Amino acid sequence: MNTSPKRILWWGVGFLIVGAIAFYAYTSAGVQTALTSDQTSQSLWFWLLSPALSIIQNVAFPVGAALIGASVVIRYLQESQSALDQQQTAHNEFS
């Protein structure tokens with residue numbers, strides 16, 4: 001399995017961007033709906049769009065942050081593993 005830290009980082013950034021877009025859409029559509037007096041658009045907003053956008057933003061922000069953190073940890077572990085491998089090969093050459 002190819003777990004490139006760079007790929008995981010970009011997935012995390014993508015999730016954060018999707019969460020930010022959902023937050024913006026949630027806020028702007030809510031304000032727009034509150035300003036209109038049409039009952040049909042308000043019920044559509046409250047029963048369909050509001051829960052969907054709320055779920056997207058409540059999932060996207062934590063998953064994006066977790067993926068960014070995971071990419072940092074994986075990169076650190078890969079660097080320490082390569083340094084350990086270099087030490088072992090250097091020790092084996094001199095032994």
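Student: Is Ser-50 buried or exposed?
Tutor: Buried. This is a predicted model, and in it Ser-50 has 13% relative accessibility. The cut-off for buried is under 20%, so Ser-50 counts as buried.

Student: Where does Ser-50 lie?
Tutor: In helix α2, which covers residues 39-94.

Student: Which residues does Ser-50 touch, leaving out those up to four places away in sequence?
Tutor: Tyr-26 and Trp-45.

Student: Zooming out. How many helices and strands are there in the protein?
Tutor: The protein has 2 helices and 0 strands.

Student: What share of the residues is buried?
Tutor: Buried residues are 15% of the 95 in the protein.

Student: And the exposed area? What supplies it?
Tutor: The protein exposes about 7,300 Å². Carbon and sulfur atoms account for 68% of that.

Student: What about contacts between residues at least 6 apart in sequence? How many of them join residues at least 24 apart?
Tutor: 78% of those contacts do.

Student: Switching to α1. Which of its residues are buried?
Tutor: Pro-5, Ile-8, Gly-12, Gly-19, Ala-22 and Thr-33.

Student: What span should α1 have, and what do its end C-alpha atoms give?
Tutor: α1 has 31 residues, and at 1.5 Å a residue it should span 45 Å. The end C-alpha atoms are 45 Å apart, so the two agree.

Student: How many aromatic pairs does the structure hold?
Tutor: The structure holds 1. The rings of Trp-11 and Phe-15 have centres 6.3 Å apart, with their planes at 40°. Stacked needs under 30 degrees and edge-to-face needs over 60, so this pair is tilted.

Student: Where do Trp-11 and Phe-15 lie?
Tutor: Both are in helix α1, residues 5-35. They sit 4 residues apart, about one turn of the helix.

Student: Why does Trp-11 count as exposed?
Tutor: Because its relative accessibility is 54%, and exposed means over 50%. Phe-15, at 28%, counts as partly exposed.

Student: Now charges. How many salt bridges are there?
Tutor: The structure holds 1 salt bridge. Glu-79 forms it with Arg-75. Their closest N and O atoms are 3.4 Å apart. Side chains of opposite charge can pair when their charged atoms come close.

Student: How many residues apart are Glu-79 and Arg-75 in helix α2?
Tutor: They are 4 residues apart, so about one helical turn separates them.

Student: And how does Glu-79 count for accessibility?
Tutor: Partly exposed, at 43% relative accessibility.

Methods: Residues are numbered from 1 along each chain as its sequence is written. This is a predicted model: local features need pLDDT of at least 70, side-chain atom pairs count only at pLDDT 80 or more; totals for chains, interfaces and linings use all residues. Side-chain values use heavy atoms; hydrogens and water are left out. Buried means under 20% relative accessible area, exposed over 50%, partly exposed in between (1.4 Å probe, protein chains only). Contact means heavy atoms within 4.5 Å. Rings of Phe, Tyr and Trp (its six-membered ring) pair if their centres lie within 6.5 Å; planes under 30 degrees apart count as stacked, over 60 as edge-to-face and the rest as tilted. The expected span of a helix is 1.5 Å times one less than its number of residues. Accessible areas come from the Shrake-Rupley method with a 1.4 Å probe; for residues, only the protein chains shown count as cover. A salt bridge is a side-chain nitrogen of Lys or Arg within 4 Å of a carboxyl oxygen of Asp or Glu.
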